[in-house]
Amino acid sequence: MPTATLKPVEDRPWIVQSYSGESLKLFMASIVQDSIASCIDKARVAIVCSACFDVMPESTSQLLFDAACRVKRQRRSPKAAQYVGHLDYLCATADLYEIEYSSLARKCVDDPMILEDLLVEIEEDCGWLRNFLSSHTASFPPVLSLKARDILVGIGEKLSAKLLRSALLCQGIDSKLIYIEDIEAFTNTHKPESDSWLSIFSRELHRRLDACHPSLPILTGFLWSSAVPRSADATQAGTISVLAPLALNARELQIWGTGEALRTADSRRGSASRVIETLSVSEAIELARHGHPCLDHDMLYYLTENDIVISLKCIDPPLPADKVKTTVVRPRQEYAKFDADLLTEYLVPSVKTIDRRPTALVVKDSAVMMTVSVPQLPGNSGAPAYHATRMSMLLMDVMQILHRHRAPFELMNTSADSLSIVFEKKEGGRKIDFDRLADDLADVGILMVQFGMSIITLVGDQLRSSSVGITGRVVSTLAHAGVKVSMISPAAGSSMSFVVSAKELDTAVKLIHQTVFRKVVQLKPTAPLVIKKSKRSRPPPSP
């Protein structure tokens, strides 16, 4: 079939597009025909894909992790029949990849020849995965290593990339897979002592993407070098999405997903929430720190420091590229100019509108609040100096206990005679043993533990100048509705937090959004004082 080639675009900037697995699974046609096709005529485009499928209630990758750990444990067990059963379960779970991607391929690829070639590749990759799991499970530790997790998840990402390549080819757009592990192998064998590993890797990645023209490059594969900074839970696609814009000196990173555009609040709780069009770097980092699922702290730091724009685009529902709901995170230098213009508006008396609203609201559903009070001792307990010493000792003891338990906390607040700490109660990952922690804290003071709490965090650069008014509005609004605020963490930077009961969370979010996220405040310029003479004739002075 005839293949359309891309026009020369050597003088155009690079744009990296990263697609979530959910968006590829649900809106493949819209991605190929609108998101990609409308962009390749304006810029050079590189694409990164995440794994497509989830098997409810757990992801396919998580099922593979669990099955591998079961096989590891059962190899040490004398019950051979139980071990064989778990090994069969492991292979059957690996078969889900082949079933799911083959089904999606038949749905998204119309050309019979292209579909046949794709199905052969899916069968080969899933066969390799099945052999890997069967032969290497004995080397797995009880908790899978980062490299083992990368292999399991990376296969899904590779299959997604091959699926997108076939869908593009059906539309006459030629594309080429660029494997990151090949670039890593080249970098390891050609690295001079005078240059850094990342510099060699970036230049080689840039060279291969340039040589890919006129085909559209799709980046995939594995990257395990210790020279690449990455968090333990970062996927290969997430790491590539950070490295590719840096290597290409790209103008923009576009993150496409079914709910990627940021809103002022969760639409499930705040029905009146709206899309945030522009976000500063400090606001984005604060949202990532408070656990917003669409933002990654490392990505924000590296890309914005290099003046790369990050655009979060929502593809649900599918719309033309120019009408897609988008949130833009401005680089530091660009947003500094924006802030300067905004400051000028504050100082000019003729400006009639100033937006004093926070930018977004983030919620952590499950939290535990512990309050430790200073025990009252006889003697000099009423002396201020003695009381301050007791509070200092309490704070020191509490911090030592938290360090010993390795218990990270979300919020901390102090009063005249007590210290309140709020922890997030996570479902996955490393969990805090709250029973043992409570026993140790009870030894240093009077302890009160409150389970079933939630954290509501307001984020926005405007909080630095107007947090007093916002705090009063939030507290008074919740008080009128009968919602108790158990703790307030004031705005030290771009955020402020409130702790409420989880049962009253939805009510609190709706009330806060209706009260605080309202329209801009109308400011009237102060007119100069003018004294006018009365027109009435004064009586003549008395003789």
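## Strand pairs

Two strands count as paired when DSSP finds at least two bridges between them. This model is predicted, and the pairings below are read from it.

Strand E10 covers residues 360-373. Strand E13 covers residues 446-459. E10 and E13 pair in the antiparallel sense, over eleven bridges. One of the positions to look at is Lys-364, whose bridge partner in E13 is Ile-455.

E13 also pairs with strand E15, residues 495-501. That pairing is antiparallel too, with seven bridges. Here Met-453 has Ser-501 of E15 as its bridge partner. In a regular strand, side chains alternate between the two faces of the sheet.

## The eight-strand sheet

An open sheet is built from eight strands. Their order is E3-E4-E2-E1-E5-E7-E8-E6, and the pairing is mixed. Which strands form the edges? They are E3 (175-179) and E6 (278-279), and each pairs on one side only.

Helix H2, residues 28-36, packs on this sheet.

Ser-311 stands opposite Val-328 of E8.

## Two packed helices

Two packed helices are described by the angle and the distance between their axes. Helix H9 spans residues 236-248, and helix H11 spans residues 297-305. They pack at an angle of about 5 degrees, with axes 10 Å apart. H9 is therefore roughly parallel to H11.

Which residues make the contact? H9 contributes Ser-241, Val-242, Pro-245 and Leu-246. H11 contributes Met-299, Tyr-302 and Leu-303. Of the residues in this contact, six are nonpolar, one is polar and none is charged.

## Confidence

The mean pLDDT of the protein is 76. A value of 70 or more is reached by 70% of the residues. Over residues 139-144, pLDDT is below 50. Beyond near neighbours in sequence, that stretch has 14 contacts in the model.

Residues 340-354 also stay under 50 in pLDDT. For this stretch, the model has 18 contacts beyond four places in sequence. Where pLDDT is low, the predicted coordinates should not be read in detail.

Definitions and conventions:
Residues are numbered from 1 along each chain as its sequence is written. This is a predicted model: local features need pLDDT of at least 70, side-chain atom pairs count only at pLDDT 80 or more; totals for chains, interfaces and linings use all residues. Side-chain values use heavy atoms; hydrogens and water are left out. Helices (H or I, at least four residues) and strands (E, at least two) are DSSP runs, numbered from the N terminus. Axes are lines fitted to C-alpha atoms, for helices over the stretch in contact, and angles run from 0 to 180 degrees between N-to-C directions. Angles under 35 degrees count as roughly parallel, over 145 as roughly antiparallel, 65 to 115 as roughly perpendicular and the rest as oblique. Contact means heavy atoms within 4.5 Å. Ala, Val, Leu, Ile, Met, Phe, Trp, Tyr, Cys and Pro count as nonpolar, Asp, Glu, Lys and Arg as charged, and the others, Gly among them, as polar. pLDDT is the predictor's confidence in each residue, from 0 to 100.
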